[in-house]
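Have it open while you read, and take the points in order.

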Amino acid sequence: MYNNSNQSNNPSSESYAEFYEAVCVLNAVFSLTAFAGNFLVLGAIWSTPALHKPTNILLLGLSLSDLAVGLIVQPMFIVRVIWKVNHEFRQVFRFIQAFFVSATILTLTSVSVERWLALILHLRYVAVVTVKKTLLVLCLIWLSSAVYAVTFLFDNELHRPVSFFVVALCIVVNTSTCSTIYRICRRHRIQIQKQELPDQPEAFDMRRYKKSLITMIVLLILLIICYFPYICIRALIAFTDWPISPRRIFMLRWSASLVYLNSSINPLVYCWRIPAMRVAMKRFWRSLVHRHST
C-alpha cells in the first residue's frame, strides 16, 4: 500500500520537518489507543460466551487486524519517517502494511455480507451462518490478504492492479449489499405501515437488526473517510506522471496516517453502538485490574 521505494535521499525535507514531527507524535499516540482499544475488544469477545456470534466473530477479526496496525504497522511507520531505513526494512514494512490493511477492508466487507444474509435468510440464518463457518471465512480472508501482500514482493507492477481490483471489488460488494438491504427494509416498513404483516416477534427482530445494520454503516462510512484520501493519492500517482518529491512523500504519509487512525476509531464505535460489547469490555478491564492488584 505505502510505496516510496525510490524516494529521495532527504524524505524529511526541512520544509516539512515540523509536520513530520506532528505525524510521528500523532501516530505514537494513536498506536497506543489502537492497541489498547482493540485489545479490550478482543478480550471482551473472547471471555464472554454470549458474544460468540457470527457478527461478533467478524468484529473480533477486524479488531485483530486493527490491533496489529497499532502494535506493528504504526511503530514501523514512525521508524521509517524518523530514520533513513534500508531497502529490506521498507520491503518488510510494505508487506506487513498491505497484509493487515487488506485484512481490515475484506473483514469489514464480510460484515456487510453477513448482515445481508441475516436479512435474506431470516429463520434459516442461525443454521446457515454459524460460528465455525465464520471462523473459516476469517481464515480465508487472512490467507487472501497474505497472497495479496506477496504479489508486491514478486512483482510491483502486478501488485498495483491487484490493489485497485481489491478496492473496487469491496466497493461493489458493499454498495450492492447496502442497496439491497435498504430496499428490503423500506419494503418491510411500508408493509408494516399498511398493517399487512401480522405481529410475529419470534420470526425476525427487525428493530435489533436495524441497530446492528446502523453499526455496520457507521464502520463503512468511517473507513471510506479514512481511506479515501490515500486511495485518491495512490491513484493519482499510478495514472499520472507526478514525480517523486518532498511534497508527494508528505501527502502520502499524512494520508497513510489517516488510514491508521481508523484502527483507533473502530473500538469507540463498538462501545457506542453495542451495549453488550461495552459491558463486556468494562468487565474484562475490571478483571485485568483485579488480577494485577492481587
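Which helix is I265 found in? I265 is found in helix 8, and point 6 returns to it.

1. First, some ground rules. This is a predicted model, in which local features need pLDDT of at least 70 and side-chain atom pairs count only at pLDDT 80 or more, while totals for chains, interfaces and linings use all residues. Residues are numbered from 1 along each chain as its sequence is written, and side-chain values use heavy atoms, with hydrogens and water left out.

2. Now the overall layout. The protein chain has 9 helices and 0 strands, so reading from the N terminus you get α-α-α-α-α-α-α-α-α. Helices here are DSSP runs of H or I with at least four residues, strands are runs of E with at least two, and the numbering starts at the N terminus. Take the contacts between residues at least 6 apart in sequence: 82% of them join residues at least 24 apart. A contact means heavy atoms within 4.5 Å.

3. Next, burial and surface. The protein chain has 294 residues, and 46% of them count as buried. Buried means under 20% relative accessible area, exposed means over 50%, and partly exposed is in between (1.4 Å probe, protein chains only).

4. On to the core. The largest nonpolar core has 72 residues, and Y209, Y260 and M277 touch the most other members. The elements giving two or more residues to this core are helix 1 (17–47), helix 2 (54–82), helix 3 (87–121), helix 5 (131–154), helix 6 (156–193), helix 7 (206–239), helix 8 (246–273) and helix 9 (275–293). Helix 7 makes the largest contribution, 14 residues. By definition, such a core is a set of buried Ala, Val, Leu, Ile, Met, Phe, Trp, Tyr and Cys residues joined through side-chain atoms within 4.5 Å.

5. There is a nonpolar patch on the surface as well. F35, F39, L71 and I72 form it, with about 320 Å² of accessible area together, and helix 1 and helix 2 each supply at least two of its residues. Patches take residues with over 30% relative accessible area and no salt bridge; like charges are joined within 9 Å, and nonpolar side chains (Val, Leu, Ile, Met, Phe, Trp, Tyr) within 5 Å. F39 lies in helix 1 and is partly exposed because its relative accessible area is 35%. I72 sits in helix 2 and is also partly exposed, at 31%. Leaving aside neighbours within four places in sequence, I72 is in contact with I96 and F100. The C-alpha atoms of I72 and Q97 are 8.7 Å apart, though 25 residues separate them along the chain.

6. Some pairs link other parts of the chain. I265 and L219 are 46 residues apart in sequence and 9.0 Å apart in space, C-alpha to C-alpha. Neighbours within four places aside, I265 is in contact with L222 and C226. In helix 6 you'll find V167, whose C-alpha atom is 8.1 Å from that of I105, 62 residues away along the chain.

7. What about charge pairs and cysteines? The structure holds 1 salt bridge: the side chains of E114 and R115 meet at 2.8 Å, N to O. The term means a side-chain nitrogen of Lys or Arg within 4 Å of a carboxyl oxygen of Asp or Glu. E114 and R115 are both buried. A search of the whole structure finds 0 disulfides, a disulfide being a pair of cysteine sulfur atoms within 2.5 Å. As for individual cysteines, C226 is buried, with a relative accessible area of 3%, whereas C178 is partly exposed at 25%.

8. Last, one backbone detail to look at. H122 has a positive phi of about 55 degrees although it is not a glycine. H122 is in the loop between helix 3 and helix 4 (125–128), and at 39% relative accessibility it counts as partly exposed.

Technical notes:
Accessible areas come from the Shrake-Rupley method with a 1.4 Å probe; for residues, only the protein chains shown count as cover.
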